[in-house]
Amino acid sequence: MTDHALRLLRQDRRLAELAAFPFDFDLDRAAHGHVEEVRLASGGPLEMVAGDDTGGTYFACADGSVLYADSEGAAGLIGSSVDEALEW
């Protein structure tokens with residue numbers, strides 16, 4: 001993973017706490033996994049990087065893009081990188 005923002009969040013607990021609240025990008029929630037299995041149609045790998053307080057999960061795809069999957073089964077790409085995804 002080469003995303004600058006993700007590296008910073010993983011290295012600085014204070015920044016990670018700020019991302020978790022109030023921005024709801026919680027690295028600690030990735031450890032809990034997603035409610036159900038999430039996979040790409042291509043079979044490519046996904047890395048859980050964060051979660052939110054509604055049960056949604058942020059995944060980094062092999063090409064660096066970010067997939068968000070909600071707890072109801074919907075999913076979609078939200079950025080070409082973690083940096084870009086966190087900008088919105």
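Let me begin with the term salt bridge, by which I mean a side-chain nitrogen of Lys or Arg within 4 Å of a carboxyl oxygen of Asp or Glu. The model you see is predicted, so to speak of local features we need pLDDT of at least 70, and side-chain atom pairs count only at pLDDT 80 or more, while totals for chains, interfaces and linings use all residues. Residues are numbered from 1 along each chain as its sequence is written, and side-chain values use heavy atoms, with hydrogens and water left out.

By this rule there are 6 salt bridges, and one of them joins the side chains of Glu-37 and Arg-39 at 3.7 Å, N to O. Both of these residues are exposed, where exposed means over 50% relative accessible area, buried under 20%, and partly exposed in between (1.4 Å probe, protein chains only).

Arg-13 pairs with Asp-28, the closest N and O atoms being 2.6 Å apart. This pair links distant parts of the chain, with Arg-13 in helix α2 and Asp-28 in the loop between α2 and β1, 15 residues apart; helices (H or I, at least four residues) and strands (E, at least two) are DSSP runs, numbered from the N terminus.

Tyr-58 touches, among others, Phe-25, Val-49 and Ile-78, leaving aside residues up to four places away in sequence, where contact means heavy atoms within 4.5 Å.
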